[in-house]
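User: Hi! Could you walk me through this one?
Analyst: Happy to, here it is.

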Amino acid sequence: RFDLESGTETVIPSVVSSLARRLDFDSSGTLLLLAGGEVSGIVDISGRRPPRALARLRTPIVTGGWLDGRTAAMILSDGLIRVIDTAPDPALTRATIPASWCFGLAFSPSGSKMAIGVQAACIVDLAKPTELAFTEFGPANNRIRSLKFLRDNRTLVYGNVDGMTRIFDTETREELAKMSSTHGETFSIDVDPGETMIASGHRDGSIVLWDLATRQLITTFPKLPRRVEGMIFTPDGRKIISAGSVKSVVVWDVESRSILRKLQCSEDPWAIAITPDGKTIGVSTQGGSVDLFDAETYELKSTVRGHNRLIPGLAFSPDGKYFATGSEDGRMKLWELATGKVMLTLDPAAGVVVNVLFDPSGRYLVGTTSARFAAIYDLELYRQRILDEEPVQRARLGIPAEPLVETAPTPTKSGT
């Protein structure tokens, strides 16, 4: 910054690491919109506020400008125009991760710990989300795509790019076991509800079943034609539902290791989730849709669309009333299951949202990103917006309204 009257120069830190291009000043002449490659940000040339990064977009920014005092528009190299609300979101906390592309995501059952899979397993204490509790580094560049906590709130099971399935104690920071396979990178991990078996899904289309207590191989299921991006045990532990097939998900019988059913999807499947009551199966797709199936009849109940790119992240809320999606279009959405309507659209300012998950209380929704951070949203701060939207959507479909959260009656004073 140059002061033309005094001739003095002031260096202001930028938010763009590559060659920066000035896009526009706001109407006050103090907020400068910058862009470099896929990154944009705001610099207050008065120095009163620190520089702040905006959305990391999927393609390079060609040009852009302010629409008003808080909204900016970016024209991207692929021809899309992205409109960004630049005001800070009070409900958003960012947990910075020392690597890009945060794939795996898991909460301990108590909700006190969050594990994020990058090139290592990063543990985040939700009481101090901006500080990493610690990072367990294994072999170099050993990406973790999927992980799962056990009921003891300390043991973490995860799979790596080297095809290994590892068991790690997050209290002692010791590796307890590792199970080797010859099926390529581990894309999905789950543990049965009884915590007797680990299932791992691999690049070559194989699903491997391990004995959790002995760490020994139980069996390998028949190979699927594609890599197993998504896989989950049903709540009764008797079935596994997996991706790995063209435009369909596979329902496996765990005891016989045989295929019970193939469910036809609207597009090629990716992530899979099941409501806590086991009644609804959700499948996200590469085309940006979510297919919802009846878990008893396997009939397709509905297909919802709200993203225009692959949805790698899908999760149901603990009460089963809502589900969340995270997409390569950079947005997260909260949906009401009963109506199939969007309650919230969130933009964590990331190029890609890779995974999403509710914490066990249902208050927080987390999205891992390709921009070296996890976005932690406090849904309680959006409560009124959801309550305002819900009856509108339900009225359109003739569905009786329900409260967002069941609340206990206020206790009366005893007079003592």
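**A three-stranded sheet**

Analyst: Three strands make up an open sheet, ordered β5-β6-β7 with antiparallel pairing; strands are DSSP E runs of at least two residues, helices H or I runs of at least four, numbered from the N terminus, and two strands pair if DSSP finds at least two bridges between them. This is a predicted model: local features need pLDDT of at least 70, side-chain atom pairs count only at pLDDT 80 or more, and totals for chains, interfaces and linings use all residues. Residues are numbered from 1 along each chain as its sequence is written, and side-chain values use heavy atoms, leaving out hydrogens and water.

User: Which are the edge strands?
Analyst: Those are β5 (61–66) and β7 (81–85), each pairing on one side only.

User: And how many bridges join β5 and β6?
Analyst: Five bridges, in the antiparallel sense, with β6 covering residues 71–76. Thr63 has Ile75 in β6 as its bridge partner.

User: Switching topic: how many disulfides are there?
Analyst: Zero, from a search of the whole structure; a disulfide is a pair of cysteine sulfur atoms within 2.5 Å.

User: Is Cys122 buried or exposed?
Analyst: Cys122 is buried, at 0% relative accessible area. Buried means under 20%, exposed over 50%, partly exposed in between (1.4 Å probe, protein chains only). Cys265 is buried too, at 10%.

User: What about the chain overall, how many helices and strands?
Analyst: One helix and 35 strands. Of its 416 residues, 52% count as buried.
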